[in-house]
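User: I have a model open and would like to go through it. Can you take my questions one at a time?
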Amino acid sequence: MTSTATTGTVGHEKLTMAQALNRALRESMAEDDSVVVFGEDVGALGGVFRITDGLTAEFGDTRCFDTPLAESGIVGMAVGMAMNGMRPVVEMQFDAFAYPAFEQITSHVAKMRNRTRSKVSLPMVIRIPYAGGIGGVEHHCDSSEAYYAHTPGLHVVTPANAADAHRLLRAAIASPDPVVFMEPKKLYWTKEEVDLGAELPGIGRAMVRREGTDATLIAYGPSVPVALEAAEVAAQEGRSLQVVDLRSIVPFDDETVCAAVRSTGRAVVVAEAPGFASVASEIVARVTERCFHSLAAPVRRAVGFDIPFPSPKLEHVQLPGVDRVLDAVDDLQWDLS
Amino acid sequence: MTRDLDLLLPSPHPVELIDPTGQTVAEAAHELPDDAALLRAFAGLTTARRINDQAGALARQGRLAVYPSSHGQEACQVAAAQVLTDDDWLFPTYRDTAAVVIRGVDVAEAFLPLQGAWHSGYDPHRYKVAPQATPLATQLLHAVGVAHAARLRGEPTVALALCGDGATSEGDFHEALNFAAVFRAPVVFLVQNNQYAISVPLARQSVAPSLAHKGIGYGVPGERVDGNDVAALLTVLGTAMARARAGEGPQLVEAHTYRMQPHTNADDSRRYRQDDEVAGWVQRDPLTRLETWLRQHDLLDDAQLAAVTADADQLAARMRTELARDATPEPAELFAHVYATPTPQLVEQAAVVADELSREDEH
Ligand SMILES: Cc1ncc(C[n+]2csc(CCOP(=O)(O)OP(=O)(O)O)c2C)c(N)n1
Ligand SMILES: [Mg+2]
């Protein structure tokens with residue numbers, strides 16, 4: 001899974017994450033006729049976030065099309081199409097609107113390989129815009145990654161920048177296994193200088209985004225920019241924080257994460273999701289199990305509270321910001337070292 | 001219990017009692033509602049239109065997080081509220097705020113979620129209005145449950161459940177119809193077929209002869225009605241409610257209408273439909289149709305119209321002042337309403353938030 005896809009696009013350009021995702025879909029569709037994109041409003045509208053913008057115009061409506069409004073139907077039909085030689089890439093309109101598809105995802109998408117002893121694999125991608133930070137009303141801001149990460153058989157991937165969005169979506173579409181591709185919607189419009197031809201690690205690899213020596217912040221998706229900002233603030237206060245971006249929740253890159261934590265001896269996990277029984281809990285457990293003797297303090301979490309995601313005017317209370325991250329860093333028993 | 005197919009089939013054409021030009025439809029199969037009901041409906045239509053206009057303006061000014069307008073669908077909004085007795089329950093969607101207000105919910109309470117302050121702003125038991133539902137078609141099963149419980153408890157309640165054309169594709173829509181039929185629950189389903197689910201036109205949603213025909217497979221009688229003719233809606237929905245109340249089981253009503261505005265203020269409808277299609281529906285406007293009819297029958301004069309308009313203006317003024325206020329609950333409430341008794345962890349977390357916020361205030 002660590003091989004690097006060649007994208008055919010070389011050179012630096014300014015792209016948003018939304019545009020980078022669109023580019024990845026376009027390239028995969030151009031390369032491989034079996035790649036089909038479908039979901040709600042992905043055709044003429046180009047998706048409510050415009051990720052599929054122009055795909056129907058370019059590839060025709062057998063390659064990118066709107067379905068009746070039923071998420072279980074969308075994912076269930078994708079299962080069948082994947083069984084019969086296609087590579088469906090389906091869009092769930094928002095995190096909380098994927099729940100009607102939960103049965104298909106957990107009972108079939110995740111288990112087909114296992115049930116059939118690898119006679120049937122499901123090369124399909126379920127794209128889910130997720131998490132908060134956009135002032136969305138209820139059911140539009142869930143951090144639902146733990147449900148999928150907890151389900152054996154699903155790869156769960158989440159980019160935090162445009163280049164990774166492109167690289168990881170290309171890899172997800174090429175993967176022989178189903179991938180739940182979680183897109184942090186608050187980062188869709190962030191414009192970045194990217195080189196889509198650059199070689200980047202594929203699914204299953206984390207990356208160190210910022211070097212640091214005092215403690216390691218472990219983040220993914222929407223929390224990566226928060227961790228980077230916290231590291232910047234900490235640097236001004238004389239503390240050197242390293243930032244690791246998971247990129248892939250499943251498979252989990254124990255090697256990169258643990259090497260990072262061992263190098264600093266302290267760690268904080270940053271995530272938007274409620275902390276209880278979460279991906280953050282899993283990271284803390286893994287790091288503690290593997291790095292216990294290198295740790296100068298218990299691994300802390302700066303995460304969402306165990307409450308339903310609040311309305312726009314209260315979402316700042318829920319989302320871990322720089323202050324909550326630095327509070328957790330402050331708790332890393334500095335006086336004992 | 002099996003049913004005669006003819007009793008389940010909708011009429012060959014949508015029921016219409018007042019045509020788009022405001023004339024009484026000759027030889028209609030149903031009677032017109034009485035004058036008082038139509039005058040009340042006219043006041044309701046005026047109010048609903050004003051709510052849509054005012055909320056649209058507030059959304060543009062950034063005072064609302066979002067507004068899904070029911071402009072063009074006001075006849076459905078008004079009829080849905082007007083056919084209810086005090087015992088009945090309404091199960092609205094995100095698009096049905098006008099119906100919620102006309103049902104009697106205070107406008108400030110109704111708009112709290114759209115202000116971005118809390119997920120629901122009113123006491124559902126007080127008004128017998130369920131929280132407006134966003135996950136499509138999910139509320140329809142709740143309506144069946146409320147109706148079934150009412151029957152078990154010997155209450156005269158009928159539940160009226162609303163959804164859109166797109167929502168009829170969701171599994172929950174089909175489960176709700178089947179459950180309602182099997183349990184003979186006193187529930188009426190009103191599908192506001194406004195021709196679009198965001199960008200997806202009805203033709204992509206279903207190839208059934210009509211959405212009202214979807215009842216047949218479940219043994220639920222279906223009827224279709226001109227959704228911009230409030231007279232027809234009042235009659236058809238009123239009959240369905242009476243049947244349900246009399247123990248004759250559920251009914252499915254499809255109202256043909258049109259979403260005159262984008263899906264919400266955040267949507268760009270030019271990407272998927274032509275302006276002239278929208279313009280065509282102006283001719284079918286629910287307000288002008290009833291106004292013409294009332295004037296022709298000497299039931300409405302300029303003075304009465306002015307009075308109705310003044311009431312609507314007053315409501316709009318209240319919306320402007322109420323929705324300018326920040327009604328956001330205290331952050332502590334985020335932890336108070338997760339369980340009857342907050343878990344020890346939530347108590348701890350509430351303290352963390354209080355500390356975070358107090359330090360923010362110091363800055
Ligand atoms: C389960 C679910 N999937 C997707 C959505 C996103 N969504 C919100 S409204 C809408 C279109 C609904 O169309 P329709 O039922 O016709 O109602 P209308 O908006 O036209 O009133 C969609 C896809 C949702 N709210 N719930
Ligand atoms: Mg619709």
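User: How many salt bridges does the rule find across the interface of chain A and chain B?
Analyst: The rule finds four salt bridges there, a salt bridge being a side-chain nitrogen of Lys or Arg within 4 Å of a carboxyl oxygen of Asp or Glu. One of them joins A:K313 to B:D326, with the closest N and O atoms 3.7 Å apart. This is a predicted model: local features need pLDDT of at least 70, side-chain atom pairs count only at pLDDT 80 or more, and totals for chains, interfaces and linings use all residues. Side-chain values use heavy atoms, without hydrogens and water, residues are numbered from 1 along each chain as its sequence is written, and chains are lettered from A and ligands numbered from 1 in the order in which they are written.

User: What area do chain A and chain B bury between them?
Analyst: About 3,200 Å², with 58% of it on carbon and sulfur atoms. Buried area is the accessible area (1.4 Å probe) that two parts lose on being put together, summed over both.

User: New topic: what coordinates the magnesium ion (ligand 2)?
Analyst: B:D165 (OD), B:N194 (OD1) and B:Y196 (O) do, at 2.0 to 2.1 Å. Donors are N, O and S atoms within 2.8 Å of the metal (3.2 Å for Na, K and Ca); water is not among the atoms, so sites may look incomplete. Along the chain, the donors follow the spacing D-x28-N-x1-Y.

User: Are B:D165 and B:Y196 buried or exposed?
Analyst: Both B:D165 and B:Y196 are buried, meaning under 20% relative accessible area, with exposed over 50% and partly exposed in between (1.4 Å probe, protein chains only).
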